[in-house]
There are 2 protein chains.
Amino acid sequence: MLAKAWPLYALHDPHPQARVCQQCEVRRTALFGVLDAASLDRIHAHIDAPQLAADQPVYRRGESAAAVYTVRSGIVRFERVTEGGVRRIVRLAGQGELIGQEALLNRPYADEAVTCTPVQLCRIPRTLVDELGQAESVLLRELMSRWQQALERAEAWVADLATGAARRRMLKLIEQLCRYPDAADLIWLPRREEMGAMLDITVETGSRIVSQLRREGVLELLPPRQARVDPVRLAEALRAQESA
Amino acid sequence: MLAKAWPLYALHDPHPQARVCQQCEVRRTALFGVLDAASLDRIHAHIDAPQLAADQPVYRRGESAAAVYTVRSGIVRFERVTEGGVRRIVRLAGQGELIGQEALLNRPYADEAVTCTPVQLCRIPRTLVDELGQAESVLLRELMSRWQQALERAEAWVADLATGAARRRMLKLIEQLCRYPDAADLIWLPRREEMGAMLDITVETGSRIVSQLRREGVLELLPPRQARVDPVRLAEALRAQESA
DNA sequence: CGAGCCGTTGAGGGGATTCAAGCTCAGTGG
DNA sequence: CCACTGAGCTTGAATCCCCTCAACGGCTCG
């Protein structure tokens, strides 16, 4: 089985972590996926693969940034607190996305990064990327690609989740969450207070809209914090909302 | 004057565009500011410095991206249109910022980029950065820094301009615009319809709030599309708003 | 079993939208 | 010169959506 799954050059005494990375289900889409097995083997000594439960901080705003992370599974949110003390979620990141890129620029983290679900990460020390970056220009290209992806998502957040009526924003949020399905094709459904921080609405308004969508058959609630979505009715509801 | 302002090596028959870049007021802060004069001279042949009037497109969403731009002066906005046909401004860029980074990844532009004021740009063909990137790792670092800056701004947009009551968002917008003052220390004041697209409010609401701020002495209107801000009263108004 | 968190639902009020009218100002042509 | 026009801005009145305040039920956990 080992000989069947791995190319020959990887058979020669790989570092233990190398096995994990080789088998990592997101390797195709993750940052280091672009590196060959030799480079991979060279770096695993320094890579850690932490796992966190839901609602745990990955890093905090202002912390000096020692590492970037790849999300292997689960969902991470980015939070900010306005001067008035209002907490606002400004972006989500899911499988394959790079978070904490500020580390590569020797800057403190810009947001609070908190897990939404149980999360598997791949922790990559800042210095490691610097070293590899010198040699591997393909890695740098991949890095820039991640940066652009994050920027793209942040802008889409404004257009989708911060525009229009509360019901529209909620439907857009559910649409977004469908991009991160779990094994049983269920989605993670935030608690009402988190919905509020994402859409800038109150928990009561959030609750009312969710209940309404449940009655309309768009959403089937599976507490705690899970739901099944009817894609057809969701699309229908979105169309009706946009044309209204 | 020439000998006094320029280092010796730059005196030796520089490319015409090299003179422009050497004198460029944003060279310290712009992308190519990190390059030495020799590298600068090597590339000017390909660099164009277009000037645009207000409300002119720089590029359009979906266009294949042939170049990135540095903003030398003026303000550029990024627009998106939701599926329902609502136009939303998702970010601004001012002096020294890099726009159209998608070009470096061979992707189509993600937004409509439109000038808010008269704008001076520095147009940098995609291929040029690729070439230089091979040799100059300091350039790549600077590039990543720009990307992070853009991401930072996009997230701040959500937290500042898409959160809370309309009056708070307007005050935050004015605070933002104070970061791009003109020669006479006046700010560019968007027309009401543009404010609407930035803050997701109607022109009427925008007008009411601006009028109110004018009566309170926070803002002095200098049509067309300019204003003087009283920084003390602005800060005061913001404090009162946040604590409310 | 009481405490606390989370979610839901109702009633009332306030802020933003909608609809409508009038204003200023620059450009145009009689 | 001045009426005419249209775009942008302002203001008012009515409506509606969302927030606020409040009460209640389900659930977990000490």
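1. The side chains of A:Arg77 and A:Glu194 form a salt bridge, at 2.9 Å from N to O.

2. This is a predicted model, in which local features need pLDDT of at least 70 and side-chain atom pairs count only at pLDDT 80 or more, while totals for chains, interfaces and linings use all residues. Residues are numbered from 1 along each chain as its sequence is written, and side-chain values use heavy atoms, without hydrogens and water.

3. The domain assignment (automatic or from a database) places domain 1 of chain A at 16-160 and domain 2 at 165-243. Contact, meaning heavy atoms within 4.5 Å, involves 17 residues from domain 1 of chain A and 15 residues from domain 2 of chain A.

4. The two domains of chain A bury about 1400 Å² between them, 51% of it on carbon and sulfur atoms; buried area is the accessible area (1.4 Å probe) lost when two parts are put together, summed over both. On the side of domain 1 of chain A, the residues losing the most area to domain 2 of chain A are A:Arg87, A:Arg88 and A:Asp160, together 35% of what that side buries.

Technical notes: Chains are lettered from A and ligands numbered from 1 in the order in which they are written. A salt bridge is a side-chain nitrogen of Lys or Arg within 4 Å of a carboxyl oxygen of Asp or Glu.
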